[in-house]
Amino acid sequence: MEILVLNLMPNKIETENHLKHSLNKKVKKVNFTFLRTESYQSKNTDLDYLNQNYKVFSEIYDKGFDGFICTGAPVETLPFESVIYIKELNQIMQWARENTNSSYYICWGANAALFYFYGIKKIIYEKKFSGVFEHKITDPNSKAMKGLSGKIKIPVSRFAGVRKDDIEAIKELSLLLYSNESGPCLIENKLHNEYYNFNHFEYNADTLLKEYARDTNSGIAIDIPKNYFPNDDVNKTPINCWQESGSIFFNNWLNNF
């Protein structure tokens with residue numbers, strides 16, 4: 001299967017590895033093509049690496065892909081119109097809807113897609129939501145939920161989200177996973193076969209740990225990631241309690257093509 005990934009994260013190699021690890025264990029072999037923005041040059045990844053391993057939209061728009069993934073980006077608190085590459089992103093999202101079988105938007109990518117397609121505004125939190133939260137399945141009949149049951153634990157790491165009422169007001173959208181603490185998680189668009197996930201099935205066990213260290217070193221006021229370290233002891237090794245659920249979901253997503 002051919003998957004196009006628009007990688008908007010600063011640490012691009014880490015995000016690449018997360019997605020490869022999450023999707024390449026599946027029944028179907030996945031080939032990745034990584035895409036970067038042309039209207040904004042990443043400051044955190046070597047340009048030679050980007051030129052060797054990434055394409056820009058003008059190089060791939062006439063190619064065939066089965067699926068499309070758009071990552072998040074550290075611009076959650078900015079108005080959409082202030083993001084330098086927002087016009088390019090909107091163009092790519094529209095193209096993906098019309099030219100691939102399915103799209104999967106992650107974190108801020110989900111915010112951007114829901115705003116572009118439906119005008120759903122993001123809500124910015126006073127403090128970053130970070131931790132591993134339980135989510136209930138709100139639409140067990142969805143093909144994306146096949147094989148999943150009970151409370152689904154997923155890492156959360158974001159400054160913004162959306163209101164449940166705003167999702168339920170759009171007929172095309174169906175809320176699949178919801179947390180009483182962190183709000184809407186996974187949303188399905190059955191008409192266009194799109195998924196918007198505000199959280200992170202693809203994270204490794206230590207990803208929240210690395211983010212917590214980065215944020216605290218940067219002077220950001222952040223609580224210890226909730227339900228993550230055993231006994232809330234930052235010296236203890238976190239356990240990946242979401243990998244099985246994530247594996248099932250990604251298998252469902254690939255099979256749904």
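## Sheet

Strand β2 (residues 31-35) pairs with β3 in the parallel sense over two bridges, where strands (E, at least two residues) and helices (H or I, at least four) are DSSP runs numbered from the N terminus, and two strands pair if DSSP finds at least two bridges between them. Phe34 has Tyr54 as its bridge partner in β3. The model is a predicted one, in which local features need pLDDT of at least 70 and side-chain atom pairs count only at pLDDT 80 or more, while totals for chains, interfaces and linings use all residues. Residues are numbered from 1 along each chain as its sequence is written, and side-chain values use heavy atoms, with hydrogens and water left out.

The open sheet is formed by 10 strands in the order β3-β2-β1-β4-β5-β10-β9-β8-β6-β7, with mixed pairing. At its edges stand β3 (54-55) and β7, each of which pairs on one side only.

## Helices across the sheet

Helix α7 lies across β6 (123-137) and β7, and runs at about 165° to β6; here contact means heavy atoms within 4.5 Å, and angles run from 0 to 180 degrees between the N-to-C directions of axes, which are lines fitted to C-alpha atoms, for helices over the stretch in contact. Helix α8 lies across β1 (2-6), β4 (67-70), β5 (102-106), β7, β9 (183-189) and β10 (194-197), running at about 150° to β5.

## Helix packing

Helix α8 (residues 243-255) also packs with helix α1 (residues 12-23), at an angle of about 80° and with the axes 9 Å apart. That makes α1 roughly perpendicular to α8, a term that covers angles of 65 to 115 degrees. His21, Ser22 and Leu23 of α1 make the contact with Gln243, Phe250, Trp253 and Leu254 of α8. These residues divide into four nonpolar, three polar and no charged, where Ala, Val, Leu, Ile, Met, Phe, Trp, Tyr, Cys and Pro count as nonpolar, Asp, Glu, Lys and Arg as charged, and the others, Gly among them, as polar.

For helix α4 (residues 86-99) and helix α5 (residues 108-118), the axes come within 11 Å and cross at roughly 80°, which makes α4 roughly perpendicular to α5. On the α4 side the contact includes Ile86, Leu89 and Met93, and on the α5 side it includes Trp108, Tyr116 and Phe117. By class, the residues of this contact are nine nonpolar, two polar and one charged.

The largest pocket holds about 610 Å³ of space. A pocket is an open set of points on a 1 Å grid over the protein atoms alone, where a 1.4 Å probe fits, with protein on both sides within 12 Å along at least five of seven lines, and lining residues have an atom within 4 Å of a point. Its lining has 28 residues, of which Met9, Pro74, Tyr203, Glu211 and Arg214 are the closest to its centre. The elements that give two or more residues to this lining are α1, β7 (152-161) and α7 (207-217), and α7 gives the most, with five residues. The lining comprises 11 nonpolar, nine polar and eight charged residues.

In the second largest pocket lies about 300 Å³ of space, a volume being the space filled by probe spheres set on the points, which are joined across faces, edges and corners. This pocket is lined by 21 residues, and Leu8, Tyr40, Ser42, Pro74 and Tyr85 lie nearest its centre. Its lining divides into 12 nonpolar, six polar and three charged residues.

How values were computed. Angles under 35 degrees count as roughly parallel, over 145 as roughly antiparallel, 65 to 115 as roughly perpendicular and the rest as oblique.
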